[in-house]
Amino acid sequence: MSPPAGIMFMSDCPARTAIEIVANKWSVVTLYALKDGPKRPSELVALSGGISRKVLTQTLRRLQSSGLIDRHRYAEAPPRVEYSLTPLGRTLEEPIAMLTEWAQAHGEALLDFQESTAANQTH
């Protein structure tokens, strides 16, 4: 039996910490972009559809400090860096894929609702 929802998301609960890390839109986008293998930062920017380099750097650092991605720096000139999912990060592939499928199936309905609500508020 799982604990009540209120208890699961108490401020000191590990589940809440996990949700705060992965619920960020750029975290999800970055993790999804890494599902097919290591990527360089420039590839992640191109795949993200709008992330700035500054926000990408912040996101990568947060995901790395959480154990979800690895950073590999190659000893080359110029230096090359790639990011990849850790085994822990790979455990998010299925939940993120499910969320992505849901978003594709229901994204239009969300937009329609938002537009109708906005139209009703202007009248």
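Guide: Let's begin with a term: a residue is buried when its relative accessible area is under 20%, exposed when it is over 50%, and partly exposed in between, using a 1.4 Å probe and protein chains only. You're looking at a predicted model, where local features need pLDDT of at least 70, side-chain atom pairs count only at pLDDT 80 or more, and totals for chains, interfaces and linings use all residues. Residues are numbered from 1 along each chain as its sequence is written, and side-chain values use heavy atoms, with hydrogens and water left out.

Our part is helix α5. Helices here are DSSP runs of H or I with at least four residues, strands are runs of E with at least two, and both are numbered from the N terminus. Helix α5 has 13 residues, 53-65.

Which residues of α5 are buried? They are Leu56, Thr59, Leu60 and Leu63. Seen down the axis of α5, these buried residues fall within an arc of 100°, so they line one face of the helix; that arc is taken from the directions from the helix axis to the C-beta atoms. On the face turned away from the buried side, you'll find the exposed residues Lys54, Arg61 and Ser65.

So what covers the buried side? The cover includes the helices α2 (14-22), α3 (25-33) and α4 (41-48), plus the strands β1 (69-74) and β2 (80-85). For contact, the rule is heavy atoms within 4.5 Å. Take Leu44: leaving aside neighbours within four places in sequence, its contacts include Leu56 and Leu60, as well as Ile51 and Tyr83.

Leu44 also matters for the next stop, the nonpolar core. Such a core is a set of buried Ala, Val, Leu, Ile, Met, Phe, Trp, Tyr and Cys residues joined through side-chain atoms within 4.5 Å. The largest one has 18 residues, and Leu31, Leu44, Ile69 and Tyr83 have the most contacts inside it. Two or more residues come from each of α3, α5 and β2, with α3 giving the largest share, four residues.

Just after α5, Gly67 takes a positive phi of about 85°. Gly67 is also touched by Thr86, a residue in the loop between β2 and α6 (87-90). Thr86 counts as buried because its relative accessibility is 7%.

Conventions: The expected span of a helix is 1.5 Å times one less than its number of residues.
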